[in-house]
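Colleague: I am new to reading models. Please walk me through one.

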Amino acid sequence: IRMTAHTRLPLTARQITLSAFMGAVLWLFAALLLRFLAPLGIYEGMNTALLYALIIPGTVPFLFVVKKIAGLGDDQFALGIAVATSAATLLDGLALAFTPALYGTSVDQTAGAGAAILWGAGVGLVLGMIFNKSAAR
């Protein structure tokens with residue numbers, strides 16, 4: 001797919017919109033899940049390491065859902081995931097600044113959830129690059 005004048009990216013406007021929407025959906029799901037799990041002590045001691053380790057395989061299925069819903073080609077995978085991750089990261093920043101109670105009832109829960117979501121964003125970007133394939137020639 002060629003870069004279009006409309007989007008200035010090698011993605012259609014539809015692919016960008018759907019990727020961003022799915023990033024927003026994942027962010028909200030992650031924020032609510034982390035809030036629910038916080039009272040179980042996921043931000044304490046080795047639980048944090050386990051949480052971060054589990055985020056890696058937990059991110060993989062979502063990446064392929066984004067690919068399917070947004071109609072991304074194998075060679076568009078990394079860029080589509082970057083769009084999704086951008087949306088999630090922007091929402092995370094806004095929520096941390098304006099509605100931190102979304103993440104929990106304490107500063108530790110808010111910081112822990114925000115950090116876990118940032119970790120997940122980095123994981124998503126790296127996995128997007130790993131799963132990206134070059135265009136067939």
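Colleague: At what angle do helix H3 and helix H4 pack?

Modeller: First, the ground rules. This is a predicted model, where local features need pLDDT of at least 70, side-chain atom pairs count only at pLDDT 80 or more, and totals for chains, interfaces and linings use all residues. Residues are numbered from 1 along each chain as its sequence is written, and side-chain values use heavy atoms, leaving out hydrogens and water.
Helices are DSSP runs (H or I, at least four residues), numbered from the N terminus. Axes are lines fitted to C-alpha atoms over the stretch in contact, and angles run from 0 to 180 degrees between N-to-C directions. Helix H3 (residues 77–98) and helix H4 (residues 107–131) pack at about 170°, their axes 8 Å apart. That makes H3 roughly antiparallel to H4 (over 145 degrees).

Colleague: Which residues of H3 and H4 make the contact?

Modeller: Contact means heavy atoms within 4.5 Å. H3 gives residues including Phe77, Ile81 and Leu96, and H4 gives residues including Ile117, Leu125 and Phe131.

Colleague: How do the rings of Phe77 and Phe131 pair?

Modeller: Rings of Phe, Tyr and Trp (its six-membered ring) pair if their centres lie within 6.5 Å, and planes over 60 degrees apart count as edge-to-face. Phe77 and Phe131 are edge-to-face, at 6.0 Å centre to centre and 85° between the planes. Phe77 lies in helix H3 and Phe131 in helix H4, so the pair ties together parts 54 residues apart in sequence.

Colleague: How many aromatic pairs are there?

Modeller: The count comes to four aromatic pairs.

Notes: Helix = DSSP H or I, 4+ residues; strand = E, 2+ residues; numbered from the N terminus. Parallel < 35°, antiparallel > 145°, perpendicular 65-115°, else oblique. Phe/Tyr/Trp six-rings, centres within 6.5 Å; stacked < 30°, edge-to-face > 60°.
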